[in-house]
Amino acid sequence: MQLKLYNSLTGEKEIFKPILEGNVGMYVCGPTVYSNVHLGNVRTFLSFDFIYRTLMHLGYKVRYVRNITDAGHLTDDGNVDNDRFVKQTRLEKLEPMEIVQKYTVDFHKVLEMFNLLPPNIEPTATGHIVEQIELTQKLIERGFAYESNGSVYFDVLEYNKRGLNYGELSKRNIEELFANTRDLDGQGEKKNPQDFALWKKASPAHIMRWNSPWGEGFPGWHLECTAMSTKYLGEKFDIHGGGMDLKFPHHECEIAQGKACNDTAPVNYWMHANMLTMNSQRMSKSTGNYILPMQLVTGENDFFEKPFHPSIVRFCFLQAHYRSVLDISNDAMIASEKGFIRLMEAIKVLNSITPDNEKQSGFDLKEWKKKCYDALTDDFNSPILIAHLFEAVKFIFALNDGKETISLEDLEDLKTTLHAFVFDVLGLQNIEENNNEKLDQTLKVLIELRNQARKSKNFDLSDQIRDKLLAEGIELKDGRDGTSYVLN
């Protein structure tokens with residue numbers, strides 16, 4: 001199997017060739033922990049969790065690094081009022097590191113709730129100040145950066161003069177960058193309006209500050225990822241991922257910093273997850289079209305008629321390709337819940353199937369597995385994989401109804417493969433609710449009453465039980481091994 005993935009840098013699907021055969025180095029930009037992680041972030045991290053799981057399932061040894069941004073500006077203006085950590089410390093009357101700890105814990109709790117695997121390494125920006133200062137010094141020594149009034153900036157024009165191409169990822173050019181540059185406080189410190197900060201001088205009002213060769217200050221946003229990715233994955237590594245919104249300027253700056261420092265492109269494959277919308281509109285606090293992940297799970301919101309289990313949310317998210325815009329709505333969540341329940345019921349039914357080695361099955365298991373792996377290796381196409389899984393679901397219910405047969409060997413293969421795709425690759429979890437056992441026992445009583453009615457030839461009562469259960473979304477299935485039920 002050849003894995004193909006879409007490279008944002010070239011705009012094409014490419015055959016994946018790792019630097020070290022059988023191994024993958026993957027870096028994904030993590031959260032800025034000054035507030036609760038929002039649902040759009042969850043979509044991005046869940047997409048790369050699926051990619052991480054797929055790579056491991058395909059046999060790669062993966063070193064997955066995802067950072068925590070716990071310091072610094074997301075802009076270059078130097079205005080303390082635009083420092084998100086400072087804003088939040090004032091709002092909540094807490095120390096900066098209390099804010100960091102509070103929202104890092106929230107981030108981990110939310111991702112664990114959605115069954116995301118932790119990365120192999122989760123470095124923080126504040127834990128790598130020394131490395132960021134060293135990189136800045138190296139860029140100055142190589143003529144790609146300059147100090148100005150205690151701050152240090154990357155010289156974009158100098159970078160381009162040396163035959164390099166700032167804007168290659170986002171497909172922008174220097175002239176456009178000139179035209180689109182806004183007037184910012186501190187702009188006079190720069191040689192060129194498009195230069196970006198590597199280190200910013202701290203004003204007296206700044207709480208988070210560190211000593212440096214240029215005075216007290218703090219690192220620029222873009223520098224931390226270059227420092228941490230190269231430290232743990234090397235000067236050149238396989239995959240760098242993040243949200244589509246990070247392509248420019250963040251990832252563009254990372255490419256420039258890496259090339260300027262090490263004379264090589266830092267990453268072979270750039271991957272970007274698309275955005276999440278709700279009710280066909282962009283999610284935004286200002287418009288009120290906004291919901292936190294926990295509110296979707298608890299049902300404490302005005303957009304959805306009921307709470308949804310995290311695994312159902314995960315299933316919904318994976319029904320869209322990671323590069324496609326995903327729109328969630330009440331109807332979409334209800335449909336995902338029905339599909340999820342049917343998938344889990346099929347897995348449960350499969351465990352009770354009796355094999356038949358005498359008859360040939362009409363289901364081509366080998367071809368089905370090939371189609372599933374073709375979907376996985378075609379740029380991690382989760383919606384196509386799920387569609388193929390439901391082909392197997394249809395076959396499983398046909399087996400249960402006695403309309404199909406399967407050999408013992410194929411049955412064991414189907415069980416193993418389905419389990420791997422559903423639980424290991426998609427990362428879904430079977431919902432174990434407290435009332436499941438009671439529901440199961442109640443339905444067994446009703447099925448027994450119906451069976452007694454049929455034996456007594458009271459078909460009106462038998463049909464009444466069946467029809468009333470069906471009206472409530474519970475379908476009774478009469479098979480060779482007795483009667484079972486399916487939640488529709």
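**Sheet.** I looked up an open sheet of three strands and read its order as S12-S11-S13, with mixed pairing. Its edge strands, S12 (281-282) and S13 (326-328), each pair on one side only. The model is predicted, so I kept to its limits: local features need pLDDT of at least 70, side-chain atom pairs count only at pLDDT 80 or more, and totals for chains, interfaces and linings use all residues. Residues are numbered from 1 along each chain as its sequence is written, and side-chain values use heavy atoms, with hydrogens and water left out.

I noted that strands are DSSP runs of E, at least two residues, and helices runs of H or I, at least four, both numbered from the N terminus. Two strands pair if DSSP finds at least two bridges between them. S11 (residues 276-278) and S13 run parallel and are joined by three bridges. For methionine 278 I found isoleucine 328 as the bridge partner in S13.

**Helix H8.** I then took H8 (residues 247-262), which has 16 residues. From first C-alpha to last it reaches 21 Å, close to the 22 Å expected at 1.5 Å a residue (1.5 Å times one less than the number of residues). 14 of the 16 residues are buried, so H8 is largely enclosed by the rest of the structure. Buried means under 20% relative accessible area, exposed over 50%, partly exposed in between (1.4 Å probe, protein chains only). Just after H8, aspartate 263 takes a positive phi of about 60°.

**Cysteines.** I found zero disulfides (a disulfide is a pair of cysteine sulfur atoms within 2.5 Å). The closest cysteine sulfur to that of cysteine 225 is in cysteine 29, at 3.9 Å, too far for a bond. Cysteine 225 is buried at 2% relative accessible area; cysteine 316 also counts as buried, at 5%.
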